[in-house]
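I opened this notebook to record what I looked up in the structure. The entries follow the order in which I consulted it.

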Amino acid sequence: MDHSRFCAASAGNPRFVHRGILLFCLICAACAPFTLAAERRLIATTYNSGFAEAHDSYNSMGTGSDGKIYYVLSSESYDVAAQMFSFDPKSKEIRHLADLTEACGEKGLKAIPQGKSHVNFVEANWKLYFATHIGVYANVDGRDTMGLPPPGYKPYPGGHFLAYDMATGKVQDLGINPNHDGIIAATLDPQRGRQYGLTWPSGHFLRLDIARKELRDLGPIPGQLPDVPVYRALCRAPVVDPRDGSVYFTTVDGLILRYVFARDAVEILKGEDMKKDYFGQFDPNVPGHMGYNWRQTFWDPQTKLIYGVHGNSGYVFQFDPTVPRIELLDRITSEPSKRCGMFDQFSFGYLGFALGPDSKTIYYLTGGPIYENGKRVTGKATTAKGEAKGLENLHLVTWNIPKAKYTDHGPIFYRNGERPLYVNSMTVGKDGTVYSLGRITEGGKTRADLFSVKP
């Protein structure tokens, strides 16, 4: 609004001045937060781990009790496995810790390698527990399936449960998936010494008793249809209730499943589900979305509740297993996304969702639309797999649990002005610095690597 024209038009008319000033103030108040969110930028620091073949990583991060940031960079190669690293925020030193195929005892096997880790690290007794996944896919009719070995190579052996000892620097192989699938999701019950996993593409539930070295395949998860197509999305975030050892996860149809520790079995939870109108409408038989699955979760020891986010809609919710009841709390998509009313461009929604070191603040990396000449940049209308349908900004959002306070800290850019792309990992350092993995282009070459940003 032109201040001089406003003042000239209102001169000598007190009634107009009073109403005009009131209207002007209301407009400014309404626009102020949107202008601030649009103008503020967070500048990220990038790092070079020395792994040029690194491809997009999902989850595969964690902050150790030693304060270091641990992460795995993926590989799509038939010959190169995923690699594990650590970053010391104090010294800024990056250390290479392990080749995941070697860690699994498969060096020289000439099989499809352990190309990914799709799970976050969980610590217990100075060890970081995680699992491996296949990195070589085949695309059939636009859908990802298990990659086939080329001539002279053996098939993928199967995902492994692993533990990295922070004291010795050694990786312990805890067991291999007996059905030879990858392990796409995993979690740990430190109190009971149990590790759990979901396999891809078969959708089996694995249970590992660490002390006894007893690994059981409990079979296909309940609620699946016979001959389940591989594109039916599997939950990426099983979560443990430490009070009784239950493990909760979801299905694309919105069922909540529970592993019952006392019975060593998986069942469908009765009385609550994830099929909420506010999340949107999804056909589970059509690929390219996570449906009614929750995207990411964590157990909050303060409230004794599970917090999660539905990836496509961006709603944060709390889940009380004792009732059972899900309560939607807020939509924590970016401010620009809220205003345009559109889902994020990444078809599955984002995985960067975690509780911060203050045990009160949720950190979330989410999308935000880009505008050119006043028009929103759009991408594909649909997709048959998990991918970015179009270009968008990456925003850092925080949500304070006790105050129910939402803050969009703005879009994130590298120092060269480029946007972080394909970001589906996050961990928060002890000082509140956010670490993630995204595509970085230097010298004309693009790799996935570590970056950090401070809100």
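**Entry 1: Asp244.** I began with Asp244, which I located in the loop between strand 16 and strand 17; helices (H or I, at least four residues) and strands (E, at least two) are DSSP runs, numbered from the N terminus. I note that this is a predicted model, in which local features need pLDDT of at least 70 and side-chain atom pairs count only at pLDDT 80 or more, while totals for chains, interfaces and linings use all residues. Residues are numbered from 1 along each chain as its sequence is written, and side-chain values use heavy atoms, with hydrogens and water left out.

I then checked the accessibility of Asp244. Asp244 counts as partly exposed because its relative accessibility is 39%; buried means under 20% relative accessible area, exposed over 50%, and partly exposed in between (1.4 Å probe, protein chains only). Setting aside neighbours within four places in sequence, I found Asp244 in contact (heavy atoms within 4.5 Å) with Arg192 and Phe261. Arg192 is 52 residues from Asp244 along the chain, and their C-alpha atoms are separated by 9.6 Å. A polar atom of the Asp244 side chain lies 2.9 Å from the backbone nitrogen of Ser246.

**Entry 2: Arg194.** Is Arg194 buried or exposed? Arg194, in strand 13, counts as buried because its relative accessibility is 10%. Its side chain is joined to that of Asp209 by a polar contact of 3.4 Å. A polar contact is a pair of N or O atoms within 3.5 Å; within protein, one must be able to donate a hydrogen and the other to accept it, and residues adjacent in sequence count only if both atoms are side-chain atoms. Beyond four places in sequence, the contacts of Arg194 include Thr187, Arg207, Tyr259, Phe261 and Asp264.

**Entry 3: the nonpolar cores.** I next asked which residues touch the most other members of the largest nonpolar core. They are Leu198, Met274, Trp294 and Phe319, in a core of 34 residues. Such a core is a set of buried Ala, Val, Leu, Ile, Met, Phe, Trp, Tyr and Cys residues joined through side-chain atoms within 4.5 Å. Among the strands that each supply at least two residues of this core are strand 12 (182-189), strand 13 (194-200) and strand 22 (315-320). Another core, of 28 residues, lies apart from it and has Ala82, Phe161, Leu162 and Ala163 among its members. Not counting residues up to four places away in sequence, Phe319 touches residues including Tyr248, Trp294, Leu305 and Pro324.

Entry 4: I traced four strands forming an open sheet in the order 20-21-22-23, with antiparallel pairing; two strands pair if DSSP finds at least two bridges between them. Strand 20 (296-300) and strand 23 (325-331) are the edge strands, each pairing on one side only. Strand 20 pairs with strand 21 (residues 305-309) over five bridges, and Asp300 has Leu305 in strand 21 as its bridge partner.

**Entry 5: backbone geometry.** Lys304, in the loop between strand 20 and strand 21, has a positive phi of about 55 degrees although it is not a glycine. Lys304 is partly exposed, with a relative accessible area of 44%. Tyr422, also not a glycine, has a positive phi near 50 degrees. I recorded a cis peptide bond from Trp200 to Pro201, with omega near 10 degrees, and a cis peptide bond from Val323 to Pro324, with omega near -10 degrees. Pro201 is in the loop between strand 13 and strand 14 (204-209), whereas Pro324 is in the loop between strand 22 and strand 23.
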